[in-house]
Amino acid sequence: MLYPQSSLQKLGFEEIKNAIKGFCISEMGQGMVDKMQFMSNYDHINKFLRQTSEFKNILENDQPLPIQSFFDIKRLAEKARIEGTFLSEEEVFQIYSSLKTVFAVIRYFEERSGLYPNLEALFEHLPIEKNILKYIEAVLDVKGKIKPNASRLLADIFAAITKAEQEARKKIDQIFKNAQQNNWVADGSLTVREGRICIPILAENKRKLKGFVHDESSSGQTVYIEPEEVFSLNNQIRDLEFEKRREIIRILTELTNQLRPYVPLLLSYHGFLTKLDFVRAKALFAQQIEAEMPILLQDTRLKLINAKHPLLLLNHKESGKAVVPLNMHLDHQVRILLVSGPNAGGKSVAMKTVGLLQLMVQSGLLIPAAAESEVGIFKQLFADIGDDQSIESDLSTYSAHLSKMKYFTEHANGKTLVLIDEFGTGTDPLFGGPIAEAVLEQLNQKKSFGMITTHYSNLKLYANSAEGLENASMIFDNEHLQPLYMLEMGKPGSSYAFEIAQKIGLSKHLIDLAKSKISVQQRKVDTLLVDLERDKKEILETRIALEKQQKKYQSLLAENEKLKAYYDENKRNLIREAKQEAQQIIRNANKLVENTIAEIKESKADKAKTQSLRANLQTELKKNEIKPKVVQKLDDQEEIAIGDWVKMLDSGNLAQVLEISKDNLIVAFGELRSVIKKKRVEKVSNKSVPKAVKQFGTSTYTDSAASFSAEIDLRGKRGEDALAELERYFDRAVMFGFSNFKVIHGKGDGILRKLIRNYLKNYPQVNKMEDEHADRGGDGITYVYLK
C-alpha cells in the first residue's frame, strides 16, 4: 500500500513508467506498463524480477528473439466472435503475422529448454495451433492479399476481368491510333477520368468521335471521351469487379467462420504477446540504466550497494557526468536512518533513491545497484516529500505535513517503510523540532523502517541515543567547501551554513554577526561536527595509504614465498639425483671389488696380475672422482649487458639479466624476477651455464616478451570466450611489465565493451581505462593503463 498516491509522481516512478513505455512496440505492452503497481507478494515480485533478468540475459548473451509483428489481435478476435461478421484482408493478415511471431518465439525457447524457466512459464500449456495458419495461407498470399485462386469462382472472375481488360485496351488503342491519324487528338496520351480510360480530343473534333464525355480541360479546348465501342466493355469490367468483391467477402466470411472456434486460443496468444512485449521493454530499460537483479528477501530489510538514482543516471549519461553511488542498509538493529548535512548536499536525492529503488523492486523492475544488494518486502510505503499546500482544502504547508504525520503514526507498523524529507520544517523550529521528535519516537516504537532527512539538532541527539535509530550524514569537503554527495552512516552531519555563506561571498561582518546570535551550545555542536568530518577524512586517507602499503608487502611476501619454494624444490631434486648417483657408484664399486678379488684368487695372487687389477681399480676411482665445478669467469673489465648470465656471490645461484638500472640489476630465476646490486654478482660465460638452468631460465620469457603485442582483438567473440582470452592476455601483460595495452572490442550495441570494462575494474593493477581517439576507433577500442 502506498500513501499518499502522489508518492509515485514525487519519487519519480511515473517518469520510470514513461521511459519503459518508450521501449514497447505495441499499445498492449504500454497498457501493461500503465498497470504496474506496488506489490507485496513475494512470489509475484520474484517471478517478475526473474523474467526481466532472464530477458536481459538474452539481450546481452544470446541470439535475439524472433520478434517481428505485434498487433492487437484481442480486438480482432472479439470481432470474429460475433456471428455474421467477417474480418478484412488486413485484419486476417495481422492475426497471421502475430501468430507467426508467437510460434517462432515458442520454438526459440523450446530449443533452449530449461535455460529461461520463468520466461517459458509465459507460454506454459499454450499449444501451437497450425491449422489457423493453414486456413489463412489458403486464402491470403505472402503480402496479405486475397489469392486469385482462393475459390474456383474467384479464379473465373479474375480470368474474365483480365480478358475484358485486354479487349477494352486493344479496342481503345485502335480508336486512339485512328484519331491520331485524323489529327483529332490533343497533345498527350490515353488518360483515366472517373475510373474510365479516355481519349483526349480537341474540342472542335468532339462530334467526330462517338462516345461519352467524362471531363474537359480547364481551358475547354480538350475533352476526354470514352469511345462508344469501349463503353460496354468497361461496364462489363465494372460488373465483374462488383462480383469479385462479393466473392471476396464470401471467402472472408467463410474464413472468419473457420477461425471463430479458435477465438479463446487467439485471446491466449494475445496475452502471451502482451506479456512478452512488457517484459522485453523492462529488460531494455534495465540495460539502459545498467540495472541488476538484487537478492530478494521475504524479511523487511534493505541493503543497497553502489546504488544510483535511475533518472539521475539517465540525465548524467546525456551530459557525460558520473553519478556518485549510494551505500546504505536498514535492518532490525538500524531501522530508521536520520540523514543530515548541508543544503544541496544530496540528502533528498539519497532518500528518493532509496524510495524509488524500493518501489521499482516491488513493481518487478531491476534496479541500478550491485547484484549483491539485498531488498526486502514492505507491506506499506509512506512518503512525505515536497510541498503539499492546498488552497482548496485550506491546508498550509505545515498543516499538510502534520496531516501526513497523523496518518503515519496511526497506520505504521513493523512492515512499513517511511520516507520523510526535511522533517519538522514549515513552522517555528522551537516547536517544530519537539513535534518532529515526538513523531519519530512514535514511529520507532512501532518498529517501522525509514529514511528521514533533517537539519534539527534535537533529532540528531535523539537518534544518537535511541535504539533502532542511527545518524547519517552527507560528506562535505571542508577544504574546498563543496559537497561530495556521499552518504556516511554512523554520525550526524553539520549544515555548514556559515562555510557555504562564506563561499558564496557573504561579508565577514554578516557571518560574524550571525554566529554571535546562535547559542554557545549549538555553536559547539556545529564546530564539533565540522572537526569530526575533518578528522574522519584524515583517518580515511591514512587508512587508504596503509592498505596500499599492506598490499605491496603482501605481494613481496608472496614473491619471496615462490622464490623459496623454487629453491627448496631445486635443492631436493639435486639431493635426490646425488643420492641416486652415489648408490649407482657404490653398486658398481662393490661389483668391481668382488670381480677383482675373484680374479686375484684365480691367478693365485700373481704379482703382475695383481698390479694390473690394482691399476684398473685406480682408473675406475678416477672416473667417479668429484671435481669442484668451475664457473668460467670473464674479464672483470667487461660490462654486464641485458641477456647476460650472472652468478650470485653469496649463494652461487645463476640468473639471467632482464634490465639494468644504475647499480641495480633486474634478474630472472626461471619465471621469478628479483632486484639485486651489481656488486653482489659476477658475470659468467654463456657456455658455462648448464643446459638445465637455461631451459628453466628466461629464454622463453625474453622471447615471449619480445613477441608480445600491446594489443588484443576480441571482436566477434562471445562474452565468456572474450573474458577467458582477456584474462590470459592480462596476466602476461602484467608479468612482462607493460604500462598499457589496447583492447579492440568493436562498437555494436556496446555490450562487449561494458562486459570487458566491468571485468577489468576488478583488477587492482588497472589504473584507468579510456576510449581511443574518435578518428582511430573511438569507443570501439579501450585503452587500459596499468599502475
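Start by selecting residues 751-760, which form helix α24. Colour Leu752, Ile756, Arg757, Tyr759 and Leu760, and you have its buried residues. Why do they share one side of α24? They span an arc of only 160° around the axis, and that places them on the same side of α24.

Now zoom out for a moment. Keep in mind as you go that this is a predicted model. The chain carries 24 helices and 24 strands. Of its 787 residues, 41% count as buried. If you draw contacts between residues at least 6 apart in sequence, 69% of them join residues at least 24 apart.

**Next stop: α5 and α6**

Select residues 73-81 for helix α5 and residues 89-111 for helix α6. Their axes are 10 Å apart, and the two helices pack at an angle of about 130°. That angle makes α5 oblique to α6. Look at the handedness too: the crossing of α5 and α6 is left-handed. To see what touches, show side chains for Ile73, Arg75, Leu76 and Lys79 on α5, then Glu91, Gln94, Ile95, Ser98 and Leu99 on α6. Coloured by class, this contact of α5 with α6 gives you four nonpolar, two polar and three charged residues.

**Another pair: α3 and α11**

Move to helix α3, residues 27-34, and helix α11, residues 263-288. At what angle do α3 and α11 pack? The angle is about 65°, with the axes 8 Å apart. Angles of 65 to 115 degrees count as roughly perpendicular, so α3 is roughly perpendicular to α11. The crossing of α3 and α11 is right-handed. On the α3 side, pick Met28, Gly29, Met32 and Val33; on the α11 side, pick His270, Thr274, Lys275, Asp277 and Phe278. By class, the contact of α3 with α11 comprises four nonpolar, three polar and two charged residues.

**Last stop: a loop asparagine**

Finally, centre the view on asparagine 205, in the loop between β3 (196-202) and β4 (211-216). Is asparagine 205 buried or exposed? Its relative accessibility is 6%, so asparagine 205 counts as buried. Leaving aside residues up to four places away in sequence, asparagine 205 touches Asn183 and Trp184. To finish, draw a distance from the C-alpha atom of asparagine 205 to that of valine 185: the two residues are 20 apart along the chain, and these atoms are separated by 8.3 Å.

Notes. Residues are numbered from 1 along each chain as its sequence is written. This is a predicted model: local features need pLDDT of at least 70, side-chain atom pairs count only at pLDDT 80 or more; totals for chains, interfaces and linings use all residues. Side-chain values use heavy atoms; hydrogens and water are left out. Buried means under 20% relative accessible area, exposed over 50%, partly exposed in between (1.4 Å probe, protein chains only). Helices (H or I, at least four residues) and strands (E, at least two) are DSSP runs, numbered from the N terminus. The arc is that of the directions from the helix axis to the C-beta atoms. Axes are lines fitted to C-alpha atoms, for helices over the stretch in contact, and angles run from 0 to 180 degrees between N-to-C directions. Angles under 35 degrees count as roughly parallel, over 145 as roughly antiparallel, 65 to 115 as roughly perpendicular and the rest as oblique. A crossing is left-handed if the near helix is turned anticlockwise from the far one by less than a right angle, and right-handed if clockwise. Contact means heavy atoms within 4.5 Å. Ala, Val, Leu, Ile, Met, Phe, Trp, Tyr, Cys and Pro count as nonpolar, Asp, Glu, Lys and Arg as charged, and the others, Gly among them, as polar.
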